[in-house]
Amino acid sequence: MYSITYVSKATEDYSQAQLLALLEVCHRNNLRDKLTGQLLYKDREFMQVLEGDEMVLKRVFEKICRDKRHKNILILDEGFIQQREFDDWSMGFNNLDEELQHHIPGYSDILNYPLTGHEFQAQPSLAQKLLLSFKSPPPV
């Protein structure tokens with residue numbers, strides 16, 4: 001099992017409807033490719049973790065890197081993992097522009113950081129904490 005966590009900057013503002021359309025495509029493709037993960041969006045920035053077969057994941061990530069909807073892609077963490085963290089999610093999603101009005105105990109400082117900020121580059125484990133803080137049981 002392999003995992004890649006990265007951040008990027010959106011080339012344009014995304015409405016909630018556009019984000020949900022993107023999520024629908026991600027969900028469908030990830031089911032097909034047997035990938036799981038979590039996608040966060042805040043202030044025109046994305047943070048995403050993807051998990052799955054190494055060869056499949058690297059092929060998908062190459063496609064992500066060519067996608068013109070974002071730029072400045074930076075890998076925060078990459079490598080083999082023992083097990084999936086998001087095994088029930090073909091793609092979890094949170095729009096932090098809307099989530100910021102809610103208090104998440106222990107993570108309020110993290111929510112104030114830009115997703116592409118140096119805090120996550122310096123400590124990739126912060127990205128993992130942030131992504132996992134939005135993990136919840138999948139809908140039934």
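Colleague: About how much space lies in the largest pocket?

Modeller: This is a predicted model in which local features need pLDDT of at least 70 and side-chain atom pairs count only at pLDDT 80 or more, while totals for chains, interfaces and linings use all residues. Side-chain values use heavy atoms, with hydrogens and water left out, and residues are numbered from 1 along each chain as its sequence is written. A pocket is an open set of points on a 1 Å grid over the protein atoms alone where a 1.4 Å probe fits, with protein on both sides within 12 Å along at least five of seven lines, and lining residues have an atom within 4 Å of a point. With points joined across faces, edges and corners, and volume taken as the space filled by probe spheres set on them, the largest pocket holds about 460 Å³.

Colleague: Which element supplies the largest share of the lining of the largest pocket?

Modeller: Helices (H or I, at least four residues) and strands (E, at least two) are DSSP runs numbered from the N terminus. Strand S1 (2–10), helix H1 (16–33), strand S3 (45–52) and helix H2 (54–66) each supply at least two lining residues. The largest share, seven residues, comes from H1.

Colleague: How many disulfides does the model contain?

Modeller: A disulfide is a covalent bond between the sulfur atoms of two cysteines. The rule applied here asks for a pair of cysteine sulfur atoms within 2.5 Å, and by this rule the count is zero.

Colleague: With which side chain does that of His70 make a polar contact of 2.7 Å?

Modeller: His70 belongs to strand S4 (residues 70–80) and is buried at 11% relative accessibility. A polar contact is a pair of N or O atoms within 3.5 Å, where within protein one must be able to donate a hydrogen and the other to accept it, and residues adjacent in sequence count only if both atoms are side-chain atoms. The side chain joined to His70 at 2.7 Å is that of Ser8.

Methods. Buried means under 20% relative accessible area, exposed over 50%, partly exposed in between (1.4 Å probe, protein chains only).
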